[in-house]
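Dear colleague,

I am handing over the structure that we spoke about, and below it you will find my notes on what was found. Please read them with the structure open beside you.

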Amino acid sequence: MFAIRQNLQAVHERISAAASAAGRPPESVRLLAVSKTFDAAAVRMAYEAGQIAFGENYLQEALEKQALLQDLPLEWHFIGPLQSNKTRPAAEHFAWVHTVDRLKIAERLSAQRPSDLPPLNICLQVNISGEASKSGIAPADLPALAAAVAGLPQLRLRGLMAIPAPAPEAAPEVRRAPFAQMRALFEQLRAEYGAQPAFAAFDTLSMGMSDDLEDAVAQGANLVRIGSAIFGKRHYPA
Ligand SMILES: *Cc1c(COP(=O)(O)O)cnc(C)c1O
């Protein structure tokens with residue numbers, strides 16, 4: 001269990017090396033620790049090693065963990081698929097949602113965000129590899145969705161998120177292509193809408209996981225979502 005502290009250190013070193021290689025300061029890349037399937041004790045250990053932001057995919061599991069960790073000033077990010085009948089707990093118990101890909105979901109999150117909390121930070125999930133089975137909006141439909149979501153009162157549009165299809169065996173240029181496409185979309189939106197007040201906080205490119213963080217950071221990721229490299233291999237209940 002000392003491993004969590006050491007693993008976090010190793011991930012920070014990977015991030016620093018990747019950022020330096022891209023000519024960026026290491027602090028320009030935020031680390032989100034993805035704690036899905038790991039228990040509250042593991043999250044607490046990561047917190048004690050300096051980690052504040054945690055990502056969860058399953059609402060029920062996340063709420064149980066949050067209840068056990070109420071004494072800590074953690075920042076919770078929802079990164080799982082979100083059905084429209086499950087938006088309320090996401091709106092009430094998280095600081096960020098990375099997986100918005102439909103206006104209906106965004107409207108519900110805005111309507112359900114408690115008014116005593118700051119606006120909910122939102123990333124729009126893009127289906128960058130064009131996989132039929134995957135969530136995420138098609139790149140062609142992104143500008144219209146971004147403009148609509150940016151206008152919702154209890155949301156703050158922060159950026160874009162993607163989970164490119166894994167391609168560990170592919171050549172570096174091939175592996176990096178979807179991340180480069182994400183960066184291009186991000187910059188396109190900034191060029192088109194960046195002057196509008198509703199886009200003032202549009203600053204986040206959420207991409208890169210344990211196996212591809214270097215490729216993502218090389219292409220401009222500034223928030224990486226890392227699970228197994230911190231907490232170890234996940235075991236899903238049968
Ligand atoms: C599980 C998950 C991660 C972390 O994946 P690892 O390969 O364990 O680093 C990142 N992003 C999303 C959306 C996930 O579901």
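A polar contact, as used here, is a pair of N or O atoms within 3.5 Å; within protein, one must be able to donate a hydrogen and the other to accept it, and residues adjacent in sequence count only if both atoms are side-chain atoms. An oxygen atom of the ligand lies 2.8 Å from a polar backbone atom of Ser228, and a ligand oxygen is also 2.7 Å from an N or O atom in the side chain of Lys36.

This is a predicted model, in which local features need pLDDT of at least 70 and side-chain atom pairs count only at pLDDT 80 or more, while totals for chains, interfaces and linings use all residues. Residues are numbered from 1 along each chain as its sequence is written, and side-chain values use heavy atoms, with hydrogens and water left out.

The structure holds 11 salt bridges, each being a side-chain nitrogen of Lys or Arg within 4 Å of a carboxyl oxygen of Asp or Glu. Glu56 pairs with Lys65 in one of them, with the closest N and O atoms 2.8 Å apart, and Glu56, Glu61 and Lys65 are linked in a network of such bridges. Glu56 is buried, at a relative accessible area of 0%, and Lys65 is buried too, at 5%, where buried means under 20% relative accessible area, exposed over 50%, and partly exposed in between (1.4 Å probe, protein chains only).

Best wishes
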